[in-house]
Amino acid sequence: MDYNEFASESEEKNYTIFAFTENKVGLLNRIIIIFTRRHINIESITVSESEVRGVYRYTIIIRSKLETVEKLVKQIAKQVDVLRASFYPEEATVFQELAMYKIPMSSIVNASEVEKIVRDSHARILTVDPEYIIIEKTGHQEETQELFEKLAPFGILQFVRSGRVAITKHMKDLRTYLREQAEAYS
Amino acid sequence: MSLATELTEKEIKTTTEKKIVTGAQGVLLSLLEEGVDTIFGYPGGAIMPIYDALYDFSDSLKHYLVRHEQGGIHAAQGYARITGRPGVCFATSGPGATNLITGIADAQIDSTPLVCITGQVFSHLLGTDAFQETDVIGVTMPVTKWSYQVTRAEEIPEAIAKAFYIASSGRPGPVLIDITKDAQNASFEFGYKKWKKIASYFPKPKLNLSAVQAAADLINQAKKPFILWGQGILLSHAEEEFKAFVEKAGIPAAWTILGLSGLPTEHPLNVGMLGMHGNYGPNLKTNEADVIIAIGMRFDDRVTGDLKRYAKQAKIIHIEIDQAEINKNVRATVAVNADAKEALQALTTLVEEKQHKAWVQTFKDCYEIEYNKVIRDKLYPSTDKLQMGEAIRVISEQTDGQAVLVTDVGQHQMMSMRYYNFKQLNSNITSGGAGTMGFCLPAAMGAKVGAPDRQVVAVIGDGGFQMTIQELGCIFQYQIGVKIVILNNNFLGMVRQWQQLFHQKRYSFTEMVNPDFVGISKAYGIEASKVTDRDNLQAEVKKMLEHDGPYLLEVVVETEENVFPMVPAGDSVANIRLE
Ligand SMILES: Cc1ncc(C[n+]2csc(CCOP(=O)(O)OP(=O)(O)O)c2C)c(N)n1
């Protein structure tokens, strides 16, 4: 596994941990325990089926030292129902978050003003209702936050931001990793 | 012919012909398929179908009714440790299952293969706070290697087959199968297939020969090489390969308490015990060695003391099957992520034949110092009261180092590790990583069941004995011939020692007013005696060992004896104190 691809660094930074797993009841709990036991805060976690049918991808974001994330990932990889676990620094991934903003219609005096903000922010209007509109934006946290600040004067009724999803930049695919891994074990 | 033999014989003869059985019968048939013949357990509502089925299997499955589920799991641990096969225990839902947890946690940290089967409420009641419903899967998740809840009878054979495979492969550990009562009652078509592979589970890394070569290169250049070995040697049955390696390379070797008896105590290159109450030389020399070869051990803090001042001068070779242990506490210069047996076979061919005479001699010199300052007085004291060390020496001499020694946790444990002269391999059973008081008596019981032809001696403190004292009932009922030695100092000795050394002798709640242990034992129908004088020690130990069946010997020892040497918690191994 590629834990040591990155130079040893001692400052804290954001790491993206990927775990590819079987779809098993309770596995999420098993994985979470590995963090809570070490008093490590998970910034975000998302789970979805991966490009390989039946294999689930956990995307876990933490802020930690390299040494810590290395140990955590080994503990995750060790779980019986985990096929593969790895981690990457931010710069090795392309990542996004999704944000939604609900604005009351009553506060929108000039519709074109809102439309301009939406356009400039590369966001889009998801729903228009007589009472409210819902705007959606994908992007990095700073970007969705920036839109939040811009919409704030209109009075944001609800705001939600998803956990981060990410894709690695390298070209090696999961099947190759799994094959290599299977070959390394008897 | 019982149902069990009828069914199993059918199974063996015709694997294609399947048989309709209940889930409960399926559990027992699955255990038979795995070669199980011994179960430690305790019944209750949610596991009654399995117990009912067990009634018909009594000629093929021997069940020991323990007196508390904690006794059951520790017995299964003792059994697993001595036989090398997974120990099996049964418990009912709720409190029955939660009573297993201490033992499961102990087995997890000490890598002991266990298959625990718990009954669970009916599946339609799950999550309703039903009577005796506890989320056992949830509660045991952090301390099991794997667990699975069965809600349909059809899942039973596969769940159990996986359980045995996972428990015993790679780095062993405890697994738990929780079976709802309806799954036990339902009928299904039984068929069994052993598991040898799980797609997402990678227990055994292939040996990386270039890593082994790199390790050999370091060893061949080393001037002061030093081996630290742990239970990995025993778990991979690598005792012979280990001895061959140590002897060819001529390297002094020291053990963790779980590695003890991986090489005979008196082997000329066995330089003793690591860690907090280990020997003087091994601790001091850790910070002088140029190459450290750690095999099947995990650098526990009781072994390393302060990591910032631990072996900083040394290049570290870490041979370890569990990838997660590598670089966890100590950075490896060369990591060999492999089974110890395979790694040692390869490594031995690559290392040069050597004798590090002068270096080995420095360990002997340290031993000399330790002998004069500490050991002699422990083995041959001139005090009025008996001492723990001499009791262990006498037991060691009279059993000729051939016994299985099972210990509890505390001063008596450290004294046993230090002073029993192990001549037989794989003969030490103790609770290491968890340090679980109450472990000894039931674990000794399980060990004796697993190795009925061996002398099994349980050495326990007066404190720990009273934590699982109820298992005297099980020992009596099944006439399990363990020899129980209570080293009675009327104190929670190890805690008292810390209070003396680090808390200005403030003996806060460590003194014990004890019952009449001999009387209790006799009331349980177990022959017993008590010794207070040195003059009678030999004779009393002899009487105990020669007694046919279980026996309890209370040895009244010095109240305020201390275990030395000692590396104070968090200090450097180099600061080991002899007094
Ligand atoms: C279940 C449990 N509770 C508490 C402890 C903490 N502890 C460690 S050693 C010890 C004293 C043991 O006393 P005793 O059994 O009399 O043995 P001695 O040290 O006197 O030989 C205690 C309380 C423990 N290890 N396990």
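Guide: Chain A has 5 helices and 9 strands, where helices (H or I, at least four residues) and strands (E, at least two) are DSSP runs numbered from the N terminus. The model is a predicted one: local features need pLDDT of at least 70, side-chain atom pairs count only at pLDDT 80 or more, and totals for chains, interfaces and linings use all residues. Residues are numbered from 1 along each chain as its sequence is written, chains are lettered from A and ligands numbered from 1 in the order in which they are written, and side-chain values use heavy atoms, with hydrogens and water left out.

Visitor: What pattern does chain A follow along the sequence?

Guide: The order is β-α-β-β-α-β-β-α-β-β-α-β-β-α. Taken along the principal axes, the C-alpha atoms of chain A fill a box of roughly 70 × 35 × 35 Å.

Visitor: Why is the pair A:D81 and A:K24 called a salt bridge?

Guide: A salt bridge is a side-chain nitrogen of Lys or Arg within 4 Å of a carboxyl oxygen of Asp or Glu. The closest N and O atoms of A:D81 and A:K24 are 3.5 Å apart, so the pair meets the rule. A:D81 lies in the loop between α2 (66-78) and β4 (82-89) of chain A, and A:K24 in the loop between β1 (13-21) and α1 (27-36), so the bridge ties together parts that are 57 residues apart in sequence. Over all chains, the whole structure holds 36 salt bridges.

Visitor: Which residues are in contact with A:T168, leaving aside its neighbours within four places in sequence?

Guide: They are A:F18, A:Y88, A:A92 and A:T93, contact meaning heavy atoms within 4.5 Å. A:T168 belongs to strand β9 (residues 165-168) of chain A. Between A:T168 and A:A92 there are 76 residues in sequence but 6.0 Å in space, C-alpha to C-alpha.

Visitor: What makes A:T168 and A:H170 a polar contact?

Guide: A polar contact is a pair of N or O atoms within 3.5 Å; within protein, one must be able to donate a hydrogen and the other to accept it, and residues adjacent in sequence count only if both atoms are side-chain atoms. The side chains of A:T168 and A:H170 are joined at 3.4 Å, and therefore the distance falls within the limit.

Visitor: How many residues does each chain give to the contact between chain B and chain A?

Guide: Chain B gives 24 residues and chain A gives 24 residues. Together they bury about 2,200 Å², 51% of it on carbon and sulfur atoms; buried area is the accessible area (1.4 Å probe) that two parts lose on being put together, summed over both. B:M141, B:S200 and B:F202 supply 30% of the area that chain B buries against chain A, more than any other three residues.

Visitor: Which residues are closest to the ligand?

Guide: The closest are B:Q411, B:H412, B:G435, B:G464 and B:G493, among 18 residues that surround the ligand; a residue is near a molecule if one of its heavy atoms lies within 4 Å of it. A backbone N or O atom of B:Q411 lies 2.8 Å from an oxygen atom of the ligand. For a side-chain N or O atom of B:H412, the distance to a ligand oxygen is 2.9 Å.
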